[in-house]
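My notes follow the order of the look-ups.

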Amino acid sequence: GAWALYPMVVKWAEEFKKINPGVTIDISAGGAGKGMADALSQTVDLGMISREINPVEVSKGAWWVSVVKDAVVPTLNSENPVADTVMKRGMTSNEFAAIWVTGKLTRWDSLIQGASGELPIHVYTRSDACGAAETWAKYLGGNQQDLKAVGVYGDPGLAEAVRKDKLGIGYNNINFVYDSKTKLPVAGLRIIPIDVNGSGKVDKEEEFYSTLDELIKAIGDGRYPSPPARALHLVSFGRPKNTVVAEFLKWVLADGQKYVPEAGYINLPQEKLGEELGKLEDRDQKAEVGMQ
């Protein structure tokens, strides 16, 4: 499922298998839409979802636990002629909506007063049904299908499209725009600061994009807006009956949380984690399959 959750689940799987060597966990990204479809069809035990679960999916049997939090961030090419100015002024949700939704803002030189030359904005979005696009669209007041842009498959693909286009603008889950080792933005990309208060500049309380650790802290304390910050989920068709699946989810919500910060994500509050554990512990029937 979701690219947003993929790196975190890979880490969890590695650690869980160390204490349960007989367990096999196969993981594949492909977008939240794919994760949900495969979970509901019982093709997989768990789907990775990076958006809200909708009522139609619930009516079809979707059951889920929230496991961690992250965010979607807007990006531009680091060699954009107006990049330095954009980093100082930031952009508002209305300006982003004028680029992706209404199409009223089509030029960088219209956005930045005094910019020289004709600088069209090359807009990119995700081509696959995914939580990142749905979350970004929700922040802009719409749905994924409302985003008017060139479609690119997957988080890596969208990041690469903007990296190759000096006039490009896009969005990504945070773990695809920051280097996991250095905690700095990946080469070729810059994260566009969101001008939350609409002051026309990036104020001190809005300066937290230099490193992944700074951004994670801002997401955790609410300075980065939600959306585009959001909780991430693992979903199944009904409450898991397989003991291995249930035990994995319990471990994720308990011991597995210690791996969250180092993987570049944000822990959910303890109260929320307790609520999610309660969903598993309140099973109507005992698990049918024993752990091997």
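**Entry 1: a threonine in a helix**

I looked up Thr-135 and found it in helix α7, which spans residues 131-139. The model is a predicted one, and I read my entries with that in mind.

Is Thr-135 buried or exposed? I noted a relative accessibility of 6% for Thr-135, so this residue counts as buried, the cut-off being under 20%.

Next I listed what Thr-135 touches. Leaving aside neighbours within four places in sequence, I found Thr-135 in contact with Ser-50, Arg-51, Val-72, Pro-227, Pro-228 and Arg-230. For Ser-50 I also noted a distance: its backbone oxygen lies 3.4 Å from a polar atom of the Thr-135 side chain.

**Entry 2: aromatic rings**

How many aromatic pairs are there? I looked up the count, and it comes to 16 aromatic pairs.

I then took up Trp-3 and Phe-176.

Where do the two residues sit in the chain? I placed Trp-3 in the segment before α1 (6-19) and Phe-176 in the loop between β5 (168-173) and β6 (189-191). The pair links distant parts of the chain, 173 residues apart.

I checked accessibility for both partners. Trp-3 has 17% relative accessibility and therefore counts as buried. Phe-176, at 18%, counts as buried too.

Last, I looked up an aromatic cluster. I wrote down its members as Phe-96, Trp-100, Trp-136, Tyr-139 and Tyr-171.

Methods
Residues numbered from 1 in each chain as written. Predicted model: local features only at pLDDT ≥ 70, side-chain atom pairs only at ≥ 80, totals over all residues. Heavy atoms only, no water. Helix = DSSP H or I, 4+ residues; strand = E, 2+ residues; numbered from the N terminus. Buried < 20%, exposed > 50% of the residue type's maximum accessible area, 1.4 Å probe, protein only. Polar contact = N/O pair within 3.5 Å; in protein donor to acceptor, adjacent residues only side chain to side chain. Contact = heavy atoms within 4.5 Å. Phe/Tyr/Trp six-rings, centres within 6.5 Å; stacked < 30°, edge-to-face > 60°.
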